[in-house]
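This briefing takes a few local features of the model in turn, grouped by topic, and is meant to be read with the structure in view.

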Amino acid sequence: MQYTKDLLTDLYRTMLRIRLAEESLVEPILKGEIRCPVHLYSGEEAVAAGICANLEKTDYIFGNHRSHGHYLAKGGDMSRMVAEIYGKETGCSRGRGGSMHLIDPENGILGIVPIVAGTISLALGASLAIKIKKQKKVVITFFGDGATGEGVLYEALNFAALKKLPIIFACENNLYSTHLPIKEIRVNDNISESATPFGIKSIRVDGNNVLEVYEASEHAVKQCRDGEGPVFIEFLTYRFRGHVGPDDNIQGSHTDIRPAEEIERWLNKDPINHLKKILIDEKICSESEISKIFDEVTNEVEVATDFALKSNYPDPSELLKYVYKE
Amino acid sequence: MSTKNRKLSYSLAINEALKQIMAVDQDVFVIGQGVKSPWYVGNTCKDLIRLYGEERVIDTPISENAMTGAAVGAALAGMSVIIMHPRSDFSLYAFDPIINQAANWSYMNGGRASVPVVFWLVVNRAGEQAAQHSQALHSLFSHIPGLKVIAPSNAYDVKGLLISAIRDPNPVVFIDDRWLYGQEDNVPEEIYELPIGKGIIKNEGNEVTLVSSSFLAAESSIAVDLLKVEGISVELIDLRSIKPLDFELIFNSVKKTGRLVIVDGSWKTNSIASEISATVNEKLFGSLKVPVLRLNLPDAPAPASRTLELEYYITKNKIVNAVKSILK
Ligand SMILES: Cc1ncc(C[n+]2csc(CCOP(=O)(O)OP(=O)(O)O)c2C)c(N)n1
Ligand SMILES: [Mg+2]
């Protein structure tokens, strides 16, 4: 194996942190303790983990409605994320934003919003700033297959190519955008081909194989740092849970139209199990090392939950605070 | 009008309006991201695809700008189009076709053509959804010359106003509110129109005039009943249309009561409440016993957290208190 044990266990830990942090939200959502819309990333962890393992703290990312994984992988604090989802004052957006508005500028997490494709042009602007300032940073814009319907994506692709900007367009193609399978929104379901005509290097990788993700983004990041950006990467992946909340079918809407056998097939491609198997089969980690990581992450999630539960809700007298920066 | 009234929910009244107009007018079609998903549109678009096919009931990729522009273009080519945005927030991608194109079209082309499009914007707020999933933008659209804006508060009104909006040769912004969907009312079975630009007195009274629209008109109605119990007589006006505004109705009531409370679910600054207040001050200054009172959302984006939401949104209790405070 060409990778160090440290890198491999880091990737494993990052994916597990995302998975366990999110799974801890399921019960509180069903009980109504968490009320904001929560779009779980379970099943897609390899994308965030594999990309962000190539980033420095000073690099930037922008996300969408399904961005818990991006936030955690880029170094966002778990406790502050969980507190935000609970709507607490100690949350990363001080309870003003909820799950769909995570932020951590000190760690390069510049913005996460649920307007589909809403941050693509913002990421473009951040890459422009990097170029003007002659920095070596890179920007990742995360978006889904659904965002390929928005014209702003193509405007951004063109300008990024024109100015050779250090931006990676990371499209997480999980084959659905709410109720619409990809066949109903595009003639060509190969998204990566959309970027090529703009003169952008574009590839498609298995988004459930964290090592493939890591390699593809390692090259892409290097290209961007060398002034050879932008790069477009399509990650084929699948969400294990509902579009919003744990399960679209049990929350009264019955809108998960995905075939059961398709879901089953993807559950067997769990990115975390995939890496775990490599770690064990290639004797990189022992079973006890693996369970030690599991215990540590479980503990981190408990600490985060405890922090969130013990935190206060925002004081209603501060409703107007932060409308403007003072 | 038929006396054969029966109860229908707000959302099914929308559904019935769409079904009936599509049956009688082959030029009408519905387009929008989510029209075939109850998760987005409740039962407002129920059976439409079965009845009229996917040629006239079009679910779309997430492409608000182009789809809204396409609605405008189809209207220019002889169709009558309803473009649905399952949250008004998403329509902000379509400011160009709505404002630059549709709203200006008739005037800048010397009346040679107009744009019979209904921009159907659903308000679906609270639930800790925060700033980008909660916005009620009726005041903003009412600022634009060339647009009409309707905001019906009940099932009877929504059916009649929607039919009128679809038949109107001009672009009409139709704002509905998911919080009204379950509310039932008597709704005639046949197709009917209600005039755009006319409000209605929902309750006669002589101490205070209370003006409202959409969901808050329904809330105001409850508040008025609560006030009645305490011996306070409120004249409640449901605007039905935000643009044009029915000033005559408002003026006549304020002349009688001398007191005006406006309850409006948009931000306070430059809101429809501001417009009503300014106009009443211009025209009826001498009739006012006390200054006009506006009850709006504070000038802040919608917050997520429950404690802030509670403070942020207008409730019937806040309406009751507003009316009482103007009587002090
Ligand atoms: C501009 C805009 N239009 C519509 C929506 C409603 N919406 C929320 S998520 C979503 C689907 C997004 O699909 P995709 O980009 O593939 O991401 P996924 O949910 O699959 O991760 C839609 C249509 C929105 N949030 N913003
Ligand atoms: Mg998707």
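In this predicted model, strand 13 of chain B, which spans residues 260–267, is mostly covered, with seven of its eight residues buried.

**Strand 13 of chain B and its partners**

- Strand 10 of chain B, made up of residues 208–212, runs parallel to strand 13 of chain B and is joined to it by three bridges; within this pairing, Val211(B) has Ile262(B) as its bridge partner in strand 13.
- Strand 14 of chain B, covering residues 293–297, also pairs with strand 13 of chain B in the parallel sense, here over four bridges, and Val263(B) stands opposite Leu295(B) of strand 14.

**The largest cavity**

- The count of cavities of 30 Å³ or more comes to four, and the largest cavity holds about 200 Å³ of space.
- The lining of the largest cavity consists of 19 residues, of which Arg125(B), Ala136(B), Asp177(B), Leu216(B) and Gly265(B) are the closest to its centre.
- By class, the lining of the largest cavity comprises 10 nonpolar, five polar and four charged residues.

**Helix 5 of chain B**

- Helix 5 of chain B runs over residues 95–108, and its residues Pro97(B), Ile98(B), Ile99(B), Ala102(B) and Ala103(B) are buried.
- The cover over the buried residues of helix 5 of chain B includes helix 4 (64–76), strand 5 (117–123) and helix 6 (138–142) of chain B.
- Gly110(B), which follows helix 5 of chain B, has a positive phi, near 55°.

- Asp157(B) is found in helix 7 of chain B, which comprises residues 155–167, and Asp157(B) counts as buried because its relative accessibility is 1%, under the 20% cut-off.
- Apart from neighbours within four places in sequence, the residues in contact with Asp157(B) are Pro152(B), Leu162(B), Leu194(B), Asp238(B) and Arg240(B).
- Thr119(A) lies in the loop between strand 2 (109–112) and helix 5 (120–132) of chain A, and Thr119(A) counts as buried because its relative accessibility is 3%, under the 20% cut-off.
- Although Thr119(A) and Phe62(A) are 57 residues apart along the chain, their C-alpha atoms are separated by 6.2 Å; when residues up to four places away in sequence are not counted, Thr119(A) touches Phe62(A), Gly63(A), Gly111(A), Val113(A) and Thr141(A).

**The second largest pocket**

- The second largest pocket contains about 860 Å³ of space, and of the 30 residues that line this pocket, Ser93(A), Arg94(A), Arg96(A), Ile103(A) and Tyr322(A) are the closest to its centre.
- Sorted by class, the lining of the second largest pocket is made up of 16 nonpolar, five polar and nine charged residues.

Note on methods
Residues are numbered from 1 along each chain as its sequence is written. Chains are lettered from A and ligands numbered from 1 in the order in which they are written. This is a predicted model: local features need pLDDT of at least 70, side-chain atom pairs count only at pLDDT 80 or more; totals for chains, interfaces and linings use all residues. Side-chain values use heavy atoms; hydrogens and water are left out. On a 1 Å grid over the protein atoms alone, a cavity is a set of points where a 1.4 Å probe fits but cannot get out, and a pocket is an open set with protein on both sides within 12 Å along at least five of seven lines; lining residues have an atom within 4 Å of a point. Grid points are joined across faces, edges and corners, and a volume is the space filled by probe spheres set on the points. Ala, Val, Leu, Ile, Met, Phe, Trp, Tyr, Cys and Pro count as nonpolar, Asp, Glu, Lys and Arg as charged, and the others, Gly among them, as polar. Helices (H or I, at least four residues) and strands (E, at least two) are DSSP runs, numbered from the N terminus. Buried means under 20% relative accessible area, exposed over 50%, partly exposed in between (1.4 Å probe, protein chains only). Contact means heavy atoms within 4.5 Å. Two strands pair if DSSP finds at least two bridges between them.
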